[in-house]
Structures are given as C-alpha cells and as structure tokens.
Amino acid sequence: MALRYDFDMVEVPPTGVAGEKVAMFRDPATVAALKEADAAVQAYFSDSGFILQEYNSGAPPGRYPMRDEEARIALIDRLTANLDAYDLANVNWGGFDFDAFMNALSTAEPVEDALLAPLPGVRSDDLTNEIIAARIASRQKKGRRMLALGGLLLGLILLFYVASQTLM
C-alpha cells in the first residue's frame with residue numbers, strides 16, 4: 001500500500017513561552033518509513049520542522065486546515081534552506097518516496113476550518129459571507145505557497161544536478 005504524505009501543523013508549547021508549530025504526518029506508515037530511513041534523512045526532516053510522530057487533524061486527504069497556511073509556508077522555506085546542509089544522494093529513504101511527498105506538498109489545498117466539520121442542518125449551498133471571504137483569502141495565499149514551492153523545487157533540481165555531475 002502506498003504511503004500517504006498529508007501532514008498537519010501542530011502547536012507544541014514549550015514551557016513558559018508561546019507555542020511553535022511543527023509538522024506531523026497523518027499516516028502511521030509514513031512515520032514508520034521515515035524512522036527506517038538513514039539518519040541524514042531523519043535529520044533533514046527534523047531540522048526542517050517535522051516530528052516523527054503521527055497526528056491527524058481530521059482534514060480530508062489532500063487538504064489541510066487554512067489556519068496552518070503560514071506555518072506550512074515557513075516549513076517549505078526550511079525544507080528548501082536545509083537541502084544544502086544534508087547529503088541526500090544515495091541514502092536509504094526507508095520506503096519514503098520524496099517525489100510523492102513533493103507532489104502531495106505542491107497539490108495540497110487549504111480548507112476553511114468551518115468547512116472541516118459541517119454544522120448540523122447546514123447545506124453546502126448555504127455559505128455565509130464569512131466562508132466565502134475565507135475561500136477568497138485562500139486563493140490569494142495560494143500564490144505565496146506556489147512561490148515557496150517553486151523555491152523548494154529549484155533547490156531540489158540544483159541538488160540532483162550537482163549529484164549527477166559528481167557521479168560522472
């Protein structure tokens with residue numbers, strides 16, 4: 001069975017200060033695969049903001065709570081910045097498919113928190129102005145998310161190019 005790469009941003013409050021959000025995969029099999037990966041892969045994800053434990057916000061597959069948008073963009077920035085710090089060529093990924101992860105990351109869409117658990121008796125066509133405004137805001141933020149993903153993809157391309165040149 002293929003791994004699922006959806007993840008949630010979870011606030012982990014350190015003692016005495018405001019909380020920080022970390023990423024946690026929803027699929028226990030994905031977490032298990034990363035735990036089987038080489039130490040360099042685990043360190044790359046940990047230093048980028050992932051905790052190798054599972055957590056499920058209840059968002060549907062391919063979606064994430066809109067409240068996590070800023071934290072996800074910051075996570076993508078850290079994933080990009082950390083590419084240069086780790087030698088990920090020829091490492092054991094433990095069954096974790098980085099290309100599938102990148103695809104899931106780039107295609108995930110935000111869902112307004114109010115839409116995660118519909119209120120009883122409310123039909124989907126009875127949208128309030130607040131939900132409509134949230135959807136519009138989500139579309140505006142998509143541009144920032146795409147720019148962050150573009151930076152990550154560019155870093156990956158450069159990493160694989162350098163790796164392919166050293167093998168020749």
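**Close-up 1. Contact of helix 1 with helix 2 in the predicted model.** L34, K35 and E36 of helix 1 meet V41, Q42 and F45 of helix 2 (contact: heavy atoms within 4.5 Å; helices: DSSP runs of H or I, at least four residues, and strands: runs of E, at least two, numbered from the N terminus). By class, this contact has three nonpolar, one polar and two charged residues (nonpolar: Ala, Val, Leu, Ile, Met, Phe, Trp, Tyr, Cys and Pro; charged: Asp, Glu, Lys and Arg; polar: the others, Gly among them). Helix 1 (residues 28-36) and helix 2 (residues 39-48) pack at about 125°, their axes lying 7 Å apart (axes: lines fitted to C-alpha atoms over the stretch in contact; angles: 0 to 180 degrees between N-to-C directions). The two helices are therefore oblique to each other (under 35 degrees is roughly parallel, over 145 roughly antiparallel, 65 to 115 roughly perpendicular, the rest oblique).

**Close-up 2. Salt bridge between D27 and R4.** The closest N and O atoms of the pair are 3.4 Å apart (salt bridge: a side-chain nitrogen of Lys or Arg within 4 Å of a carboxyl oxygen of Asp or Glu). D27 lies in the loop between strand 2 (20-25) and helix 1, and R4 in the segment before strand 1 (7-12), 23 residues apart. A search of the whole structure finds four salt bridges.

**Notes.** Residues are numbered from 1 along each chain as its sequence is written. In this predicted model, local features need pLDDT of at least 70 and side-chain atom pairs count only at pLDDT 80 or more, while totals for chains, interfaces and linings use all residues; side-chain values use heavy atoms, with hydrogens and water left out.
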